[in-house]
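Q: I have a sequence and a structure to read. Where should I start?
A: Start with one contact, then widen the view.

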Amino acid sequence: MWSAYEVIKFLYNPNKKEMNYLDQLEAEAIYILREVAAEFEKPALLFSGGKDSIVLVHLALKAFRPLKFPFPLVHIDTGHNFPEALAFRDTLVEKLGERLIVRQVADTIAAKKLVEPKGKYPSRNALQTYTLLDTIEEFAFDACIGGARRDEEKARAKERVFSVRDEFGQWNPKLQRPELWNIYNGRIQKGENVRVFPISNWTELDVWHYIRREKIELPPIYFAHERDCVRTAEGQLLAISDHIQIEPQDQRVRASVRYRTVGDMTCTAAVLSQATTLDEVIAEITTSKISERGETRIDDQVSEAAMEDRKKNGYF
């Protein structure tokens, strides 16, 4: 069933040609973004400088230009981000002239006296939740748009496009609202919040095909480059940085790598790659038998339900 946006786009298309699958995914995402603008009073778009949130910003441009976005961009900065992603974030925001709100996990740790994780690869990933929930409360956001997709991880596959969080920011996977056809229910009680995932139905390959079609710029770390890494006991390659502990017996590697996902430097592994162009990246992903998070995200390997446990507590 076509959305209202799809129908209008088809009617006003002089060539009346059939929409391909990328057109349909784009139309659905734009329809969802406009639903958010219509149904919520204070939405926000979570923007990290990673490929999925960059695609969201591109879709927001199509949905709302020549007007400004009806929401600010929000980044929860752990202090462990890749410098390339932060530089891209700031450059893009300045180019677009949109509002960016940044809140630091380090400030939350100090204010709440949280305990920093220990170990060789100490991740602040779980601590982001505190900063995110504080930011939602500070600005009274009633909807947070994110770039999560169902194909990334099984807990994300359980989420609806409009996924409700209770007054404590918690998610209950057993209490999911039905979403029949393209009807999204934005009704919430005071204090509740909705996480919205406009590209939930996209796959990793869909994202890359769309990036190629739309000529969307990305941070350079998504393409092959030489980088100094340390090989973990599990064989994954972590970028050498001030955020991890390197010991004399650790194996250092300088290799041609790229990133399939961009999270913290402490929990996001690189993959060996020679792909320097969009076509080469797409060819590489097409033949891969491991999902992007399965191949690169150490934070998802803490336990079988690591992501679901974080999401229940209010994570992205």
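This is a predicted model: local features need pLDDT of at least 70, side-chain atom pairs count only at pLDDT 80 or more; totals for chains, interfaces and linings use all residues.

Q: Are the two partners buried or exposed, and what decides the class?
A: The class follows from relative accessible area: buried means under 20%, exposed means over 50%, and partly exposed is in between. Arg124 has 12% relative accessibility, so Arg124 counts as buried. Glu116 has 28%, so Glu116 counts as partly exposed.

Q: How many salt bridges does the structure hold?
A: The structure holds 21 salt bridges. One of them is formed by the side chains of Glu26 and Arg213, at 3.6 Å from N to O.

Q: Which parts does the pair of Glu26 and Arg213 tie together?
A: Glu26 lies in helix α2 (residues 21-39) and Arg213 in helix α8 (residues 204-214), so the pair ties together parts that are 187 residues apart in sequence. Glu26 is buried, because its relative accessible area is 2%. Arg213, at 30%, counts as partly exposed.

Q: Where does Arg212 find its salt bridge partner?
A: The partner of Arg212 is Asp279, and their closest N and O atoms are 2.6 Å apart. This pair also links distant parts of the chain: Arg212 is in helix α8 and Asp279 is in helix α9 (residues 278-287), 67 residues apart. Arg212 is partly exposed, with a relative accessible area of 34%. Asp279 counts as partly exposed too, at 46%.

Q: Now the empty space. How is it found?
A: Rolling a probe the size of a water molecule over the atoms shows where empty space is left. Here the largest pocket holds about 460 Å³ of space. Its lining has 24 residues, and the closest to its centre are Ile136, Ala140, Phe141, Gly191 and Glu192.

Q: Which elements supply the lining of the largest pocket, and what classes of residue does the lining have?
A: Helix α6 (128-139) and strand β6 (193-196) each supply at least two residues of the lining. α6 gives the most, with 4 residues. By class, the lining of the largest pocket has 12 charged, 7 nonpolar and 5 polar residues.

Q: How much space lies in the second largest pocket, and which residues are closest to its centre?
A: About 260 Å³ of space lies in the second largest pocket. It is lined by 13 residues, of which Phe88, Leu92, Lys95, Ile216 and Glu217 are the closest to its centre.

Q: Which helices supply the lining of the second largest pocket?
A: Helices α3 (51-64) and α4 (83-96) each supply at least two of the lining residues. The largest share, 5 residues, comes from α4. By class, this lining has 7 nonpolar, 4 charged and 2 polar residues.

Definitions and conventions
Residues are numbered from 1 along each chain as its sequence is written. Side-chain values use heavy atoms; hydrogens and water are left out. On a 1 Å grid over the protein atoms alone, a cavity is a set of points where a 1.4 Å probe fits but cannot get out, and a pocket is an open set with protein on both sides within 12 Å along at least five of seven lines; lining residues have an atom within 4 Å of a point. Grid points are joined across faces, edges and corners, and a volume is the space filled by probe spheres set on the points. Ala, Val, Leu, Ile, Met, Phe, Trp, Tyr, Cys and Pro count as nonpolar, Asp, Glu, Lys and Arg as charged, and the others, Gly among them, as polar. A salt bridge is a side-chain nitrogen of Lys or Arg within 4 Å of a carboxyl oxygen of Asp or Glu. Buried means under 20% relative accessible area, exposed over 50%, partly exposed in between (1.4 Å probe, protein chains only).
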